[in-house]
Amino acid sequence: MKLLVFSSILMIAGGFYWKKNLPATSQLIGDSPKNIILIIGDGTGLAQISAALYHNNLRLSLEGFPVIGFQKTYSANNLVTDSAAGATAMACGQKTNNNVLGLNKDGEPCKSILEEAIENGYATGMVVTSSIQHATPGGFVAHRKARNLYEEITEDLLSSGIDLFIGGGKQFFDRRERDERNLIDSLKYKGFNVYDYFNHDIFTVKPDPSRKFAFFTADNQPLPAFQGRDYLPMAAKMAADFLHQRSEKGFFLMVEGSQIDWSCHANQVEPLYSELEDFDKTIEQILQFAKKDGETLVIVTADHETGGMGLNGGTPRMLNPKFTTKIH
Ligand code: MG
């Protein structure tokens, strides 16, 4: 069991920013935070964080956190979790089998933190660089036995009560194979202002906090960062500001650097660096929000490592990363 635990730990960094200038230990006790922002780097293990640090002149926004720890990431049926079981564990607090979204290992629905936040009157949102139906965001809104049921996951997202989402996956709303429904119309009926990358520039859109907000950044999957995708840092900050205005009680926001994982599946180093830079800029934006707001808990973690990456020496700017697998 020890091997199981120690072969699948990942870093978790966090900070409670509602009591400024207190030492880290003091921030672990006391009042509850009003807002929670959970930032997930998909596939971002310790080697990826080290690579980002060395590649970025030995500085990362992650260093701004007062608390660093580890989490045990194995799933209910595998030594190595996938993103579906990983997201379900983070969202519901229960281990489940790989490939499963929002159901426990016995197949029963588990309530996610996002759903619990909605029930209790908090504003909620998700901002990702994958499709919004992909495994990680799916774990927070869907209850399905398989992560690739994208059209069904879209229905769960639609009925979730979420206030904001930004990501790809428009085609699962408006060109559905399992039914003829146009769920963009359903989004509008449910109070969303709906935007997409065909017709709008996300950098100039001004969300109206009296309405819900959806922005589709792709039909299916958004571009990788090395091909020019750069919205995540700005969109994460925009989402935090929007949710902050939308609920006096507080909010829960999940932000994902989705494609760190994909570049590691492909064993590609330069695309990985672009994703890690984008991710660190996103953390920086959220930290600025949290420090200014003073009532927000920020947590940064990963679901699993991808690529079995190791750093084999070099210099800070000329690393020699090696991958040992195409999977997790
Ligand atoms: Mg993911």
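Asn267 is placed in the loop between helix H11 (260–265) and H12; helices (H or I, at least four residues) and strands (E, at least two) are DSSP runs, numbered from the N terminus. Asn267 has a phi near 55°, a positive value in a residue other than glycine. With a relative accessible area of 25%, Asn267 is partly exposed; buried means under 20% relative accessible area, exposed over 50%, and partly exposed in between (1.4 Å probe, protein chains only). The model is predicted: local features need pLDDT of at least 70, side-chain atom pairs count only at pLDDT 80 or more, and totals for chains, interfaces and linings use all residues. Residues are numbered from 1 along each chain as its sequence is written, and side-chain values use heavy atoms, with hydrogens and water left out.

**Backbone with positive phi**

- Most residues other than glycine have a negative phi.
- Asn99, in the loop between helix H4 (83–92) and helix H5 (113–119), has a positive phi near 85°.
- Asn99 is partly exposed, at a relative accessible area of 33%.

**Magnesium site**

- The magnesium ion is coordinated at 2.0 to 2.2 Å by Asp42 (OD), Thr136 (OG1) and Glu256 (OE). Donors are N, O and S atoms within 2.8 Å of the metal (3.2 Å for Na, K and Ca); water is not among the atoms, so sites may look incomplete.
- The spacing of these donor residues in sequence is D-x93-T-x119-E.
- Asp42 lies in the loop between strand S2 (35–41) and helix H3 (46–55), and Glu256 lies in strand S8 (residues 251–257), so the pair ties together parts that are 214 residues apart in sequence.
- Both Asp42 and Glu256 are buried, and the relative accessible area of Glu256 is 1%.
- Glu256 touches Ile40, Asp42, Val127, Val128, Thr129, Ser130, Thr136, Pro137 and Leu232, not counting residues up to four places away in sequence. Contact means heavy atoms within 4.5 Å.
- The C-alpha atoms of Glu256 and Ala236 are 9.2 Å apart in space, and the two residues are 20 residues apart in sequence.

**Packing of H3 and H12**

- H3 and helix H12 (residues 269–293) pack at an angle of about 85°, with their axes 10 Å apart. Axes are lines fitted to C-alpha atoms, for helices over the stretch in contact, and angles run from 0 to 180 degrees between N-to-C directions.
- H3 and H12 are therefore roughly perpendicular to each other. Angles under 35 degrees count as roughly parallel, over 145 as roughly antiparallel, 65 to 115 as roughly perpendicular and the rest as oblique.
- H3 contributes Gln48, Ala51, Ala52 and His55 to the contact, and H12 contributes Leu272, Tyr273, Leu276 and Glu277.
- By class, this contact of H3 with H12 has five nonpolar, two polar and one charged residues. Ala, Val, Leu, Ile, Met, Phe, Trp, Tyr, Cys and Pro count as nonpolar, Asp, Glu, Lys and Arg as charged, and the others, Gly among them, as polar.
- The buried residues of H3 include Ala47, Gln48, Ile49, Ala51, Ala52 and His55.

**Other buried positions**

- Ser61 is in the loop between H3 and strand S3 (67–72), and is buried with a relative accessible area of 13%.
- Beyond four places in sequence, Ser61 touches Asp280, Ile283, Glu284 and Leu287.
- Ser61 and Ile283 are 222 residues apart in sequence, yet 6.2 Å apart in space, C-alpha to C-alpha.
- Asp156 lies in helix H7 (residues 150–159) and counts as buried at 12% relative accessibility.
- Not counting residues up to four places away in sequence, Asp156 touches Val141, Ala142, His143 and Arg144.
- Eight of the ten residues of H4 are buried, so H4 is largely enclosed by the rest of the structure. What covers the buried residues of H4 includes H5 and helix H6 (135–141).

**Confidence**

- The protein chain has a mean pLDDT of 92, and 92% of its residues reach 70 or more. pLDDT is the predictor's confidence in each residue, from 0 to 100.
- Confidence in the protein chain is lowest in helix H1 (residues 2–6), at a mean of 33, and highest in strand S5 (residues 164–168), at 99.
- Over residues 1–7 pLDDT stays under 50, and the model has five contacts beyond four places in sequence for them.
- Over residues 18–23 pLDDT also stays under 50, and for these the model has 17 contacts beyond four places in sequence.
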